[in-house]
Amino acid sequence: MSIEAAPSPRVRRGPPVELVVNNILLIALVLLIGYFTMQSGSFLTVSNFKVILTNYAAIGVVASVMALLVIAGQVDMSVGSNIGFSGMVTAIAMTSWGMPAGVGVLIGVGTGALVGLVNGVLCAYLRFSPIIVTLGMLSVLRGATLLINSIEIAGLGDTFFWIGNGSLLGMPVLLWVVFAVFLLSAAFLSLTVWGRYVFAIGVNPQAAFLAALPVRPVVLGLYVATGTAAGLAGVLLAARLDGASPGSLGLQMELQSLTIVLLGGVAFAGGRGRIFGVFTAWVFLGVLDNGLVLLNVPPFVQLVASGLALVFAASLDALGTFLGPRLEQRRRVNEQVARATAG
């Protein structure tokens, strides 16, 4: 006598809100690529996409790490000035102090990490407002960059130039770096316990603290990681340009990185987001800028397009906040109905 197993109830699951948001962005990206392909014959080529991703490598490094900070309910508005400050310190280290390229890179990345440490102590342990603290740091670092060197530095050596413009195994070095940072951020968020802590802290930091989670060390670590990414971005930009300009290096990149993070479906209030969505948003903005340049669109129109992208990101954030609880409630109701029907 054989006993047949009862068929498992089919549970209708509502689509997670991250999937909805990312699909909207992917559809917009495909439509954008299709439009620029029809308008310009030189757009849809391997060499052009290599240029797009290479030019956006530095901002991708910052956005992929800052996404973790925003998921935790924090924000760092000083990354643009941190990029300029770290790039300038790197250039000074190699030209004035006579440091080799490898040491200059370490000094630049360490400078960014030190700035992140200061932000982290003020926000995580002294509980100052993240927006006020990092906006203040934004001004301090830009002024400090001009104070330590008010003129442009150019010519940083062949080895350093290779970092920003050379290739390794047929792929630009900058792409190796940005892809590695994206993979590390995704692995941290998905595979580690501390990645789960980031989500828990973003949803409710007080509840996470009462649950004995290391809230302050996690937030401090995320600020240091974001500062380190900004320092690395400053090094990459200086290597790409073979120099550093105190007034323009990293200018307004804090808004660009925040736009990419929000456009990628990360909730500004924290607790929701995926690195894949941030990666898609990074490609989206790169394609948008490159396509507008190929169509000879005036720079002020490109600025308007960037502003509209930020508004679009805000609408996706609001859409996720609106749909999230409702989709989750619908999923639970469907599961309960399926269990009742099976019983």
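Author: Residues are numbered from 1 along each chain as its sequence is written, and side-chain values use heavy atoms, with hydrogens and water left out. In this predicted model, local features need pLDDT of at least 70 and side-chain atom pairs count only at pLDDT 80 or more, while totals for chains, interfaces and linings use all residues.

Reader: Why is Gly 87 called buried?

Author: Buried means under 20% relative accessible area, exposed over 50%, and partly exposed in between (1.4 Å probe, protein chains only). Gly 87 has a relative accessible area of 0%, so Gly 87 is buried. Gly 87 sits in helix H4 (residues 79-95); helices are DSSP runs of H or I with at least four residues, strands are runs of E with at least two, and both are numbered from the N terminus.

Reader: What makes Gly 264 buried?

Author: Its relative accessibility is 2%, so Gly 264 counts as buried. Gly 264 belongs to the loop between H12 and H13. From the C-alpha atom of Gly 264 to that of Ala 238 the separation is 27 Å, for 26 residues along the chain.

Reader: Why does Lys 50 count as partly exposed?

Author: The relative accessibility of Lys 50 is 36%, and therefore Lys 50 counts as partly exposed. Lys 50 is part of helix H2. Its C-alpha atom is 14 Å from that of Leu 288, 238 residues away along the chain.

Reader: Why is Arg 326 put in the class "partly exposed"?

Author: Because its relative accessibility is 45%, Arg 326 counts as partly exposed. Arg 326 lies in helix H14.

Reader: Which residues make the nonpolar surface patch?

Author: Leu 114, Leu 117, Val 121, Tyr 125, Leu 126 and Phe 128 make a patch of about 530 Å². A patch takes residues with over 30% relative accessible area and no salt bridge, joining like charges within 9 Å and nonpolar side chains (Val, Leu, Ile, Met, Phe, Trp, Tyr) within 5 Å. A salt bridge is a side-chain nitrogen of Lys or Arg within 4 Å of a carboxyl oxygen of Asp or Glu. Areas come from the Shrake-Rupley method with a 1.4 Å probe, and for residues only the protein chains shown count as cover. Tyr 125, in helix H5 (residues 101-125), has 36% relative accessibility and so counts as partly exposed.
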